[in-house]
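Please examine the sequence and the structure shown below. The paragraphs that follow explain selected strands, helices and contacts.

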Amino acid sequence: MFSDFSSWAVGKCWILSGTETGCHACRSRAFQTCSVSQESGEAPDIIHEEASVILEEMAHRLKISTVRFFAFTLTKAFKTLFQHICVNEEGIHRLQQAIQEHPVVLLPSHRSYMDFLLMSYILYTYDLALPVIAAGMDFMGMKFIGEMLRMSGAFFIRRSFGGDKLYWAVFSEYVKTMLRNGFAPIEFFLEGTRSRTCKSLTPKIGLLNIVMEPFFKGEVFDVHLVPISISYERILEESLYARELLGVPKPKESTSGLLKARRILSENYGSIHVYFGQPVSIRSLAQDKVNRCKYNLVPRHIPRKPTKETQSFVTDTAYRIVRLQEDSMVLKPWVLMASILLQNLEGLELSLLTEQTLWLRGLAQSCGAFLDWPDHTPSAKVVSSSLALHRGLVCVSGGRVSLVLGEPQGLVTPEEALFNRAVSVLSCASYRNQILHVFIRPAILAVAIHNAASSKKDEVFNCFSFLCKMFSDEFILCPGDTVQDFEEACYLLVKSGSVQTLQQNIVVTDRGQSTLSFLNGLLESFLQGYQVVCQYFCEEACDSLTEKQYIPAVRSFAVKLILAGNLRCYEVLSSDMQKNALAALLRLGAVSKVKVADQVTLKVNKLAVNSLEDTLGGRLPTQKAVLARL
């Protein structure tokens with residue numbers, strides 16, 4: 001399925017030049033210029049000049065000589081860093097056909113800085129049109145490198161527009177013009193930013209709204225969305241991500257920083273798998289879901305706010321694409337091993353690790369995992385090879401395998417020692433997280449079975465539904481799919497022989513005890529993390545707590561619990577988990593935002609928060625009261 005290779009052409013688009021056929025861009029520009037002029041009170045000529053400056057700052061400028069130089073440099077770097085870069089060639093052929101027929105939008109997963117370089121490199125290698133890539137403004141500040149990226153197809157956008165209507169108008173028209181012209185694929189990341197945890201992030205739909213609008217308005221016949229899954233055997237930024245999650249500021253993108261990072265060229269980062277999925281037709285998806293006739297009532301060049309129906313369709317499509325990305329992720333043996341080691345922080349025998357890895361391989365395959373396990377290679381050799389590649393995270397001593405918990409030399413404070421151990425655990429967790437999409441529904445069901453008041457299917461479903469609501473910011477759980485997810489989870493556990501459904505009861509089999517124990521363990525850190533946040537709000541949060549103060553305060557609270565021996569879960573220190581827990585409490589109404597003077601503070605309903613904490617801990621008599629108190 002995958003082909004191994006080693007070895008990037010985009011035109012230039014100027015919205016304000018009015019060169020598009022039919023002058024649609026000119027009319028749109030004129031309308032939006034007048035609109036912004038009326039709102040701001042500035043003359044149209046001034047607005048037009050400001051728009052030109054924005055466009056000059058944003059636009060890509062292709063230069064084929066730069067593209068060739070970049071390709072040559074990347075070839076050298078990739079050969080040094082990676083053993084293999086594997087691509088499914090049937091996906092490349094599907095993409096080639098799609099580009100010839102309709103405008104194409106490439107939607108890769110985003111786990112590393114390497115992603116956008118890799119995408120352009122692959123398309124260049126296969127002699128396909130280079131994508132026009134939405135890149136953060138941070139990269140533009142990199143001397144020499146920023147301009148090279150611009151001349152290789154990147155266009156630069158702000159991380160936040162801050163209500164700047166002119167900037168939004170220029171940006172959206174720029175993207176739509178490139179899409180309508182269809183001379184090259186457009187590429188952006190649905191997740192908006194790199195996932196520091198290597199879990200899929202909740203999709204951002206702003207750019208997806210923009211690329212769908214030309215179809216809704218009948219300006220293009222169809223748009224093809226291509227989900228792309230990029231899987232790394234070893235991630236270049238693994239320790240950097242862990243430190244960011246623990247509160248260390250992200251290093252600023254700079255050319256000097258890039259040159260300093262060249263020491264990574266001496267490391268082995270294993271293999272990469274890039275899977276180009278089946279192009280998804282917006283026209284087919286929208287049939288019977290979006291009434292495009294409404295768009296005929298307003299001239300095409302006049303922007304219009306998406307209807308509720310359209311927003312729902314775009315959101316559903318975004319989740320569908322992320323699920324497709326997840327389904328095509330290629331998992332390596334180390335992902336299985338990391339999942340086991342995190343449930344055995346004290347370590348375990350190498351022979352036992354090998355045995356449990358083989359058991360987990362079978363369970364993962366029965367749940368539909370896309371595993372890359374070497375054929376005709378002894379299991380012991382597969383395990384030892386993975387341990388060698390990740391020797392910075394694990395050590396083997398006396399036939400026993402354990403995580404390297406980063407104990408520093410010399411005198412250190414307890415907090416510093418804790419930080420170093422947490423870096424190792426969070427780095428390992430980033431690999432465990434790569435398999436969570438395979439097990440998340442059965443794992444939530446396993447927790448629901450454990451926490452439910454009885455084995456009755458309705459009771460278990462109620463608990464399952466509650467957990468899905470609580471964790472909807474943590475995992476990709478499509479809105480409105482709770483019943484479908486529950487049935488899928490039941491099917492997978494029955495298929496694996498872990499449970500039986502008898503007379504509307506869900507009964508755990510003897511064989512299923514170990515499976516459900518493992519699945520419960522997968523979610524244990526998330527359950528504990530959310531409980532710690534609830535505990536903090538009930539015991540220590542002050543009335544004037546702001547969102548900016550929240551993460552340092554919760555982290556400090558968790559550190560105290562760990563140092564006191566009351567908590568052993570280092571993943572609780574992750575800022576990503578803390579943000580998701582707050583989002584869940586806000587969504588469920590247990591915490592609310594209150595504006596006092598010019599400051600937004602968090603108001604806590606301690607009764608509701610306490611009920612949620614009890615429910616997460618399996619103390620179910622309060623579960624029915626939870627929703628009533630929210």
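How many bridges join strand 10 to strand 12? In this predicted model, two bridges link strand 10 with strand 12, the latter spanning residues 400–403, and the two strands run antiparallel. Leu348 has Val401 of strand 12 as its bridge partner. The pairing belongs to an open sheet of three strands, in which the order is 10-12-11 and the pairing is antiparallel. Strand 10 (348–349) and strand 11 (394–397) form the edges of this sheet, each pairing on one side only.

Strand 4 (residues 132–136) presents another setting. Five of its five residues are buried, and the strand is therefore largely enclosed by the rest of the structure. In a regular strand, side chains alternate between the two faces of the sheet. Both faces of strand 4 are covered, with Val132, Ala134 and Gly136 buried on one side and Ile133 and Ala135 buried on the other. The pairing partners of strand 4 include strand 5 (residues 154–157), with which it pairs in the parallel sense over four bridges. Ile133 has Ala154 of strand 5 as its bridge partner. Strand 4 is also joined to strand 6 (residues 186–187) by two bridges, and these strands run parallel.

Ser592 stands opposite Lys603 of strand 16. The hairpin formed by strand 15 and strand 16 has two residues between the strands, and Ala597 adopts a positive phi near 55 degrees in this hairpin.

Helix 23 (residues 606–616) is mostly covered, with eight of its 11 residues buried. The buried residues of helix 23 are Ala608, Val609, Ser611, Leu612, Glu613, Asp614, Thr615 and Leu616. After helix 23 comes Gly618, which has a positive phi near 85 degrees.

Attention now turns to helix 14. Helix 14 contains 17 residues, and its first and last C-alpha atoms are 24 Å apart, close to the 24 Å expected at 1.5 Å a residue. Leu353, Thr354, Thr357, Leu360, Leu363, Ala364 and Ser366 are buried in helix 14. Trp359 also lies in this helix, which covers residues 350–366. Is Trp359 buried or partly exposed, and why? Trp359 counts as partly exposed because its relative accessible area is 35%, a value in between the limits of 20% for buried and 50% for exposed. Apart from its neighbours within four places in sequence, Trp359 is in contact with Ser514, Thr515 and Phe518. The C-alpha atom of Trp359 is separated by 9.7 Å from that of Leu336, a residue 23 places away along the chain. Just after helix 14, Gly368 has a positive phi of about 95 degrees.

In one, the axes of helix 13 (residues 333–341) and helix 15 (residues 379–389) come within 9 Å and cross at roughly 80 degrees. Helix 13 is therefore roughly perpendicular to helix 15, since angles of 65 to 115 degrees count as such. Pro333, Trp334 and Met337 of helix 13 meet Val382, Val383, Ser386 and Leu387 of helix 15. By class, the residues of this contact between helix 13 and helix 15 comprise six nonpolar, one polar and no charged.

In the other crossing, the axes of helix 17 (residues 436–451) and helix 19 (residues 482–495) come within 8 Å and cross at roughly 90 degrees. Helix 17 and helix 19 are therefore also roughly perpendicular to each other. On the side of helix 17, Arg441, Pro442 and Leu445 take part, and they meet Asp485, Phe486, Glu488, Ala489, Cys490, Leu492 and Leu493 of helix 19. The contact of helix 17 with helix 19 contains seven nonpolar, no polar and three charged residues.

With 14 residues, helix 18 reaches 20 Å from its first C-alpha to its last, close to the 20 Å expected at 1.5 Å a residue. Its buried residues include Lys457, Val460, Cys463, Phe464, Ser465, Phe466, Leu467, Cys468 and Met470.

Note on methods
Residues numbered from 1 in each chain as written. Predicted model: local features only at pLDDT ≥ 70, side-chain atom pairs only at ≥ 80, totals over all residues. Heavy atoms only, no water. Expected span 1.5 Å × (residues − 1). Buried < 20%, exposed > 50% of the residue type's maximum accessible area, 1.4 Å probe, protein only. Pairing = 2+ DSSP bridges. Axes fitted to C-alpha atoms, helices over the stretch in contact; angles between N-to-C directions. Parallel < 35°, antiparallel > 145°, perpendicular 65-115°, else oblique. Contact = heavy atoms within 4.5 Å. Nonpolar A, V, L, I, M, F, W, Y, C, P; charged D, E, K, R; others polar.
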